[in-house]
Amino acid sequence: MTAFYVLKLLDNQGVYRPDTFVLGDVELRSPRSDFAEELTAIKKSIENNRIQLNHEVNCRIGTIIHANSLEEASLLADERFVKTLDILSSELPLSNVRLTNCGYIKNLANGELRPIEEASFLPNISFMVRKGKLQPIEFSQWVATQNSDLALRYKRSLHWSRNGKWEKNLQIKILFKWFAVEALFKELPRDNVGPIIRWFLGYPNGPSAVHVSPSLLLKLKSNALYDIWKNRISTSIEAIRTFRNDSVHSGFRNVDFPVHEIRMYNQIMVLGCSRCQGAVKAALSGGIKTVMEFKEFISLIFENNENIVNDVHGNILFSLQNGTYDYLSRNIYG
């Protein structure tokens with residue numbers, strides 16, 4: 001293992017210290033303490049991350065980590081930083097004491113210093129085009145005027161998923177996605193939406209599964225990964241439900257969960273939430289107005305998705321098997 005010094009800048013609305021302040025194995029220090037090459041790396045990191053930060057004011061937070069790679073060092077450092085900032089925040093009620101993803105990692109064995117760069121996708125402007133001289137009514141225009149139980153649930157679900165879309169803290173992101181699915185299907189306090197998420201990740205289950213055509217099931221099972229991921233997806237969704245309850249009711253923090261698990265939970269919820277919303281969108285278009293009706297016709301809604309096999313094989317299973325979630329969400333603590 002290699003020793004790394006990981007340094008990050010705090011948020012613009014955080015804290016400025018004129019001196020070095022040590023909390024356990026983490027130090028907070030002044031911008032004036034940077035060496036020239038460190039300042040160059042910080043400026044490059046800010047530029048690459050496209051974040052507006054004042055490097056002359058923003059406090060630095062750093063720690064020494066023993067790890068096998070730069071990425072592992074960054075993640076382990078974030079775990080320490082979060083615990084430290086929780087303590088610091090209690091003393092600074094008017095400040096936003098949180099991490100940015102700007103800074104550098106220094107290999108203490110050879111002196112190599114590398115700026116931290118954002119690895120995930122960032123929001124961009126979307127350009128809309130007309131679909132001809134006569135503008136057809138779109139689903140979004142139609143659903144905005146609907147007041148059926150399922151339509152109202154769909155709009156509430158979109159609210160939660162939008163809030164979580166660009167959230168950097170994966171714990172909050174996962175919770176928002178789970179809330180979005182609960183907004184769609186949860187009727188009673190003890191209702192578990194996990195089985196419905198499994199349906200639209202490609203795994204029919206429960207009494208209604210017998211109504212899915214055998215030919216479609218054979219097509220789904222034709223991919224060797226299908227059976228490999230069957231139990232893992234089921235176990236993971238139940239773990240996410242526990243994760244949700246532990247976070248909401250017991251106050252668990254993201255650092256209380258293993259990094260690889262929280263990443264996979266996020267990917268499953270990104271995939272599962274969007275598919276559940278897509279299924280409800282199709283159901284609304286087909287005239288279904290209540291959750292009860294949706295659950296009654298769930299096998300038909302599932303089968304009517306002509307792209308279900310390609311989606312399960314080419315998107316869902318491919319992403320999970322190849323660990324795509326490792327590259328979409330590297331800064332898990334926000």
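How many bridges join β1 to β4, and which way do the two strands run? Eight bridges join them, and the strands run antiparallel. The model is predicted.

## The sheet

Six strands form an open sheet. Their order is β2-β3-β4-β1-β5-β6, and the pairing is antiparallel. Strands β2 (21-23) and β6 (113-115) are the edges, each pairing on one side only. From one strand to the next, the twist averages 25°.

In general, strands of a sheet pair through backbone hydrogen bonds, either parallel or antiparallel.

## Strand β1 and its partners

Strand β1 covers residues 2-10. In the strand order it sits between β4 and β5. On the β4 side, eight bridges hold the antiparallel pair together. Here Leu7 stands opposite Gly62 in β4.

On the β5 side, β1 is joined by six bridges to residues 99-107, again antiparallel. Leu10 stands opposite Leu99 in β5. Tyr5 stands opposite Lys106 in β5. Strand β1 is mostly covered, with eight of its nine residues buried.

## Helices on the sheet

Helix α1 takes in residues 36-49. It lies across β1, β3 (26-29), β4 (60-67), β5 and β6. Its direction runs at about 140° to β5.

Helix α2, residues 70-91, also packs on the sheet. It touches β1, β2, β3, β4, β5 and β6. The direction of α2 makes about 135° with that of β4.

## A closer look at α1

The buried residues of α1 are Glu38, Ala41, Ile42, Ser45, Ile46 and Asn49. Viewed down the helix axis, they fall within an arc of 135°, so they line one face of the helix. An α-helix has 3.6 residues a turn, so residues three or four places apart point the same way. The buried residues of α1 pack against β1, β3, β4, β5 and β6.

Which exposed residues sit on the face turned away from the buried side of α1? They are Ala36, Thr40 and Glu47. Arg50 follows α1 and has a positive phi, near 55°.

## Cysteines

How many disulfides does the model contain? The count is zero. Cys59 is in no disulfide, and the nearest cysteine sulfur, that of Cys102, is 14 Å away. A disulfide would need the two sulfur atoms within 2.5 Å. Cys102 is likewise in no disulfide, its nearest cysteine sulfur being that of Cys59.

Are these cysteines buried or exposed? Cys59 has 0% relative accessibility, so it counts as buried. Cys102 is buried too, with a relative accessible area of 0%. The cut-off for buried is under 20%.

## Helix α3

Helix α3 spans residues 139-143 and includes Ser140. Is Ser140 buried or partly exposed? Its relative accessibility is 46%, so Ser140 counts as partly exposed.

Ser140 and Glu71 are 69 residues apart along the chain. Their C-alpha atoms are separated by 41 Å.

Methods. Residues are numbered from 1 along each chain as its sequence is written. This is a predicted model: local features need pLDDT of at least 70, side-chain atom pairs count only at pLDDT 80 or more; totals for chains, interfaces and linings use all residues. Side-chain values use heavy atoms; hydrogens and water are left out. Two strands pair if DSSP finds at least two bridges between them. Helices (H or I, at least four residues) and strands (E, at least two) are DSSP runs, numbered from the N terminus. Axes are lines fitted to C-alpha atoms, for helices over the stretch in contact, and angles run from 0 to 180 degrees between N-to-C directions. Contact means heavy atoms within 4.5 Å. Buried means under 20% relative accessible area, exposed over 50%, partly exposed in between (1.4 Å probe, protein chains only). The arc is that of the directions from the helix axis to the C-beta atoms.
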